[in-house]
Amino acid sequence: PAYLHIPNESFQNIGSFEVPEGTTVNWNINSKFTDELSVYFADDSIYLSPQTDQNFLFDRQIFNTQTYSLELSNTYGHQQGTIEYEIKSIKDKAPEIDVKIFADTLLYKYVAFAGNLSDDHGLNSLSLRYTKNNSAKGFIKLPADRGATSQSLFHQWQLDSLQLKAGDQLQFYLQVTDNDAI
């Protein structure tokens with residue numbers, strides 16, 4: 001997938017392989033004396049005629065580990081048995097936040113956050129989301145090292161702008177997003 005910023009790779013003479021979740025795999029199968037190629041996945045089948053004299057082309061986006069099999073045929077018959085392969089999908093992990101919260105319990109002027117953020121393929125954004133008295137909602141965009149796989153966090157949130165009064169309720173959480181579309 002584009003969000004990984006990895007150049008496309010090409011392999012020859014392999015059937016089983018592993019790819020990051022969301023990858024579009026393009027097959028170009030070269031087979032002599034073959035009139036039809038049948039490709040069987042667990043959820044569907046593809047029946048192909050050669051694009052050129054000997055080439056069969058198809059593609060599929062991979063989200064889960066799965067098996068597939070190939071069956072070749074021509075006017076004289078079908079191959080004996082099928083050839084089965086496995087595609088392993090490397091799942092994209094959700095971003096993680098490990099943070100400690102330090103509240104000013106004397107004057108209630110600030111809340112401080114300290115910790116770490118991480119994601120297997122890179123961070124995208126970080127925000128502080130809050131609700132005052134179960135109705136007024138807001139967010140504050142915090143700095144995120146876009147594309148980094150880990151980042152330290154320290155932020156002191158000054159509460160004076162919220163004009164809190166005795167008895168007010170404040171709920172808040174940190175939200176981190178990663179750079180993928182999965």
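I counted ten aromatic pairs in this predicted model, where rings of Phe, Tyr and Trp (its six-membered ring) pair if their centres lie within 6.5 Å. I noted the classes of plane angle: under 30 degrees apart is stacked, over 60 is edge-to-face and the rest is tilted.

I looked up Tyr-40 and Tyr-47; their ring centres are 6.1 Å apart and their planes stand at 80 degrees, so I recorded the pair as edge-to-face. Tyr-40 is partly exposed, its relative accessible area being 26%. For burial I used relative accessible area: buried is under 20%, exposed is over 50% and partly exposed is in between (1.4 Å probe, protein chains only).

I then turned to Trp-157 and Phe-172, whose centres are 5.5 Å apart with planes at 80 degrees, so this pair is edge-to-face. Trp-157 belongs to strand E13 (residues 150-158) and Phe-172 to strand E14 (residues 170-178), so the contact ties together parts 15 residues apart in sequence. Strands here are DSSP runs (E, at least two residues), numbered from the N terminus. Trp-157 is buried at 3% relative accessibility, and Phe-172 is partly exposed at 28%.

I found one aromatic cluster made up of Phe-17, Trp-27, Phe-41, Phe-58, Tyr-68 and Tyr-85. Arg-60 lies over the face of Phe-41, 3.8 Å from the ring centre. The charged end of Arg-129 sits over the ring of Phe-139, at 4.8 Å from its centre. A charge sits over a ring if NZ of Lys or CZ of Arg is within 6 Å of the ring centre and within 35 degrees of the ring normal.

Residues are numbered from 1 along each chain as its sequence is written, and side-chain values use heavy atoms, with hydrogens and water left out. As the model is predicted, local features need pLDDT of at least 70 and side-chain atom pairs count only at pLDDT 80 or more, while totals for chains, interfaces and linings use all residues.

Note on methods: Helix = DSSP H or I, 4+ residues; strand = E, 2+ residues; numbered from the N terminus.
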